[in-house]
Amino acid sequence: MITTPGKDLRKAIQVESPLQVVGVTNPYHGVMAQSAGFIALYLSGSGVATSSYGLPDLGMTTLDNVLGDVRRVVAAVDLPLLVDVDTGWGGAFMIARTMKEMARAGAAGVHIEDQVQDKRCGHRPGKQIVSSIEMQNRLKAAADAKEYEDFVLMARTDAIAIEGVDAAVERAVDYVESGADMLFAEAVTELADYKKFRDATGVPVLANLTEFGKTPAFTLDELARVGVDIALYPLTAFRAANKAAENVFRILRTEGTQAKIIDNLQTRDELYDYIHYQAYENKLDQLFTTDSDL
């Protein structure tokens, strides 16, 4: 039976419930996540903007910017990758191009949101959303442009913070009718609200457990009790790496040596183990004759 990244993501949701999906901002972190046992990955729009371009998550990156990171991650890690495509970067034809290019790049699926084009982080004040009709049209264009049927189209709604939970649930029902396969309810503050989305739509629901935002750090058991299908940790590893780097830079600058932190660093051998460095060296030795062999 022929498999696709989209089928792999759908299967992962059946295998693990809630499915833990961890965000990676580079291929090496993807390799490490796979080694830790995760069976699906995520690429955050905020992560691309900040990690790859040093920019805030304010709609300043493009389709091609995100595609570059998608290609790098899927080339290194054989796990389904869910990708944040913001608002789809334009009208119907641009959204269609986004869907096709993401599938061709190897993504398993995408989520498109109902914010205006000049979007903001989902846990920041001042968000603005488009009408439900406009978002439905985005989803219709996206669904129509799928490269293959199992490619995952997830609808993200930011309406809770603006219109309230009940209105957001109504939107979610319309979004599913317009072609969304799954649902991403952003900035949920009450655990029971996830069940409202799940019961009303009947499709898999994602809980975004990003730190320092509006959503508490719900446990897997809590999420399972209200029917959540996917538990997303979009930038946890990125935040941890950033804090570690900040500490390293400060110590190097003030101490003039890394002696005090050497035990906190990943060793050369540990780094090499993840990327199978020795196997590559062995292949070189096998392929090429050196002067000492003559």
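Mentor: Helices (H or I, at least four residues) and strands (E, at least two) are DSSP runs, numbered from the N terminus. The model is predicted, and therefore local features need pLDDT of at least 70 and side-chain atom pairs count only at pLDDT 80 or more, while totals for chains, interfaces and linings use all residues. Residues are numbered from 1 along each chain as its sequence is written, and side-chain values use heavy atoms, leaving out hydrogens and water.

Trainee: Are helix 6 and helix 8 roughly parallel or roughly antiparallel to each other?

Mentor: Axes are lines fitted to C-alpha atoms, for helices over the stretch in contact, with angles from 0 to 180 degrees between N-to-C directions. Those of helix 6 (residues 132-144) and helix 8 (residues 165-177) come within 9 Å and cross at roughly 30 degrees. Angles under 35 degrees count as roughly parallel and those over 145 as roughly antiparallel, so helix 6 and helix 8 are roughly parallel.

Trainee: Is Y233 buried or exposed?

Mentor: Y233 is found in strand 8 (residues 230-233). Beyond its neighbours within four places in sequence, Y233 has contacts (heavy atoms within 4.5 Å) with residues including V21, L209 and L220. Its relative accessible area is 19%, so Y233 is buried.

Methods:
Parallel < 35°, antiparallel > 145°, perpendicular 65-115°, else oblique. Buried < 20%, exposed > 50% of the residue type's maximum accessible area, 1.4 Å probe, protein only.
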